[in-house]
Amino acid sequence: MKKECSGNYVKIGEKRYPCSVSLAMDLVGGKWKTVILYHLKDGEKRYSELRKELFSITEMTLSLQLKQLEKDGLITRKVFGDKPPIRVEYSLTDFGRTFIPVLDAITHWGNTIVDKKGEFVDKF
């Protein structure tokens, strides 16, 4: 029997999932979570740096996704200073770094698709 099918459900805290894939997709699914994790995989970034790199994401969406990733333990938020202007940096946690091999596989797959069906361009 497959490991993900060894029980009827997966339970983490108070949340239940039909399978481990559903759990994983809850943590990193959606349009932006994996992209944010990709941009943090090489080191910490400030909110403004992420905003520049992810230029098509709205500020509200970026803020919400960062909060969710932090709540789920994939990233950490470090605040420097105690009065404005403060500096905030985001980075992957040890748990978040366990996702890097998946990010690398997704990157490789995406590059393969571009090589076969598209092209890399300098402007959006």
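Predicted model: local features only at pLDDT ≥ 70, side-chain atom pairs only at ≥ 80, totals over all residues.

Trainee: In which sense do β4 and β5 pair, and over how many bridges?

Mentor: Antiparallel, over 6 bridges, with β5 covering residues 87–92. Pairing takes at least two DSSP bridges between two strands.

Trainee: What is the strand order in that open sheet?

Mentor: The order is β3-β5-β4, with antiparallel pairing. β3 (45–46) and β4 (75–80) are the edge strands, each pairing on one side only.

Trainee: Which helix packs on the sheet?

Mentor: Helix α2, residues 33–40. It touches β3, β4 and β5 (contact: heavy atoms within 4.5 Å). The α2 direction makes about 100° with that of β5. Axes are lines fitted to C-alpha atoms, for helices over the stretch in contact, and angles run from 0 to 180 degrees between N-to-C directions.

Trainee: Zooming out, how many helices and strands are there?

Mentor: 6 helices and 5 strands. Those are DSSP runs: H or I of at least four residues, E of at least two, numbered from the N terminus. The pattern reads β-β-α-α-β-α-α-β-β-α-α.

Trainee: What does the C-alpha trace span?

Mentor: About 55 × 45 × 25 Å along the principal axes.

Trainee: And how much is buried?

Mentor: 27% of the 124 residues. Buried means under 20% relative accessible area, with a 1.4 Å probe and protein chains only.

Note on methods:
Residues numbered from 1 in each chain as written. Heavy atoms only, no water. Buried < 20%, exposed > 50% of the residue type's maximum accessible area, 1.4 Å probe, protein only.
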